[in-house]
Amino acid sequence: MKHRRNLSKARSPEPRATQRPRRHRAVIAAMMLGLAGVLLLVIWLVPVRPAPQQAANTDRAQTLAESGWTVGMLRPDGLRIIPTGREDASTVLDPQHFSQAEVRHGYWIATQIPAVLNKLYCWCGCENRGVHRSNLQCFEDRMAEDCPVCLGTAEIAYDMTKKGITDAAMIQAAVDVHWGPNR
């Protein structure tokens with residue numbers, strides 16, 4: 001007589017208690033993915049509001065325009081432009097792209113004090129033509145490469161900031177004395 005093996009024990013399915021946690025984990029994972037998708041959709045659909053500083057600059061520009069102010073005219077705060085745009089050097093051209101030492105130095109200055117240059121009017125007139133918003137933007141393209149006014153404005157600003165003068169109105173006044181129409 002042959003002995004039969006009891007195979008029923010070896011092939012018995014897993015108890016239901018161990019199947020539930022797996023199913024719950026899958027449901028929880030699906031819910032989390034769904035929530036993440038909804039969150040991403042909400043973020044994508046919510047309109048982006050302008051930064052408060054940008055909105056304030058726009059309001060000031062409109063008020064000044066209504067009063068007859070134009071770019072280049074001295075404002076009550078001592079500046080000649082309304083600072084807008086970038087205040088960092090992320091779009092300043094690489095100084096090493098230029099062969100002349102004074103041009104390289106000017107573009108290097110723009111990488112060092114971009115927030116100051118962004119507040120300064122450049123007397124080369126590029127702002128009046130609607131090309132640039134500030135002296136900083138002269139260094140975001142090749143404008144300053146051939147312009148002693150752009151380079152000189154940056155040099156004055158750099159020298160003054162090295163001496164601890166960071167007030168843009170004071171720097172603009174020094175630039176006006178050197179490069180302004182009454183020089």
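I counted six helices and zero strands in the chain; helices are DSSP runs of H or I with at least four residues, strands are E runs of at least two, and both are numbered from the N terminus. The model is predicted, so local features need pLDDT of at least 70 and side-chain atom pairs count only at pLDDT 80 or more, while totals for chains, interfaces and linings use all residues. Residues are numbered from 1 along each chain as its sequence is written, and side-chain values use heavy atoms, with hydrogens and water left out.

**Entry: overall**

I read the element order from the N terminus as α-α-α-α-α-α. The chain has 183 residues, and 32% of them count as buried (under 20% relative accessible area; exposed is over 50%, partly exposed in between, with a 1.4 Å probe and protein chains only). I then looked at contacts (heavy atoms within 4.5 Å). Among those between residues at least 6 apart in sequence, 57% join residues at least 24 apart.

**Entry: α3 and α5**

I took helix α3 (residues 101–112) against helix α5 (residues 148–162) and found an angle of about 55°, with the axes 9 Å apart. Axes are lines fitted to C-alpha atoms, for helices over the stretch in contact, and angles run from 0 to 180 degrees between N-to-C directions. That angle makes α3 oblique to α5 (under 35 degrees is roughly parallel, over 145 roughly antiparallel, 65 to 115 roughly perpendicular, and the rest oblique). The crossing of α3 and α5 is left-handed, meaning that the near helix is turned anticlockwise from the far one by less than a right angle; clockwise would be right-handed.

On the α3 side I listed Glu102, Val103, His105, Gly106, Trp108, Ile109 and Gln112, which meet Leu151, Ala154, Glu155 and Tyr158 of α5. By class, the residues of this contact are six nonpolar, three polar and two charged. Nonpolar here covers Ala, Val, Leu, Ile, Met, Phe, Trp, Tyr, Cys and Pro; charged covers Asp, Glu, Lys and Arg; the others, Gly among them, are polar.

**Entry: α5 and α6**

I repeated this for α5 and helix α6 (residues 168–179), which pack at about 140° with axes 10 Å apart. The two are therefore oblique to each other. Their crossing is right-handed.

From α5, Pro148, Val149, Gly152, Thr153, Ile156, Ala157, Met160 and Thr161 meet Met170, Ile171, Ala174, Val175, His178 and Trp179 of α6.

**Entry: the loop between α4 and α5**

I looked up Asn135, in the loop between α4 (114–117) and α5. Asn135 counts as buried, at 0% relative accessibility. Leaving aside neighbours within four places in sequence, its contacts are Leu117, Leu120, Cys122, Cys150, Thr153 and Ala154.

Leu136 also lies in the loop between α4 and α5 and is buried, with a relative accessible area of 0%. Not counting residues up to four places away in sequence, Leu136 touches Arg86, Asp88, Val92, Ala110, Pro114, Leu117 and Asn118. I also noted Ile113, 23 residues from Leu136 in sequence and 8.9 Å away, C-alpha to C-alpha.

**Entry: cysteines**

I found zero disulfides in the structure (a disulfide is a pair of cysteine sulfur atoms within 2.5 Å). Cys147 is in no disulfide, and the nearest cysteine sulfur, that of Cys150, is 3.3 Å away. Cys147 counts as buried at 9% relative accessibility. Cys124 is partly exposed, with a relative accessible area of 21%.
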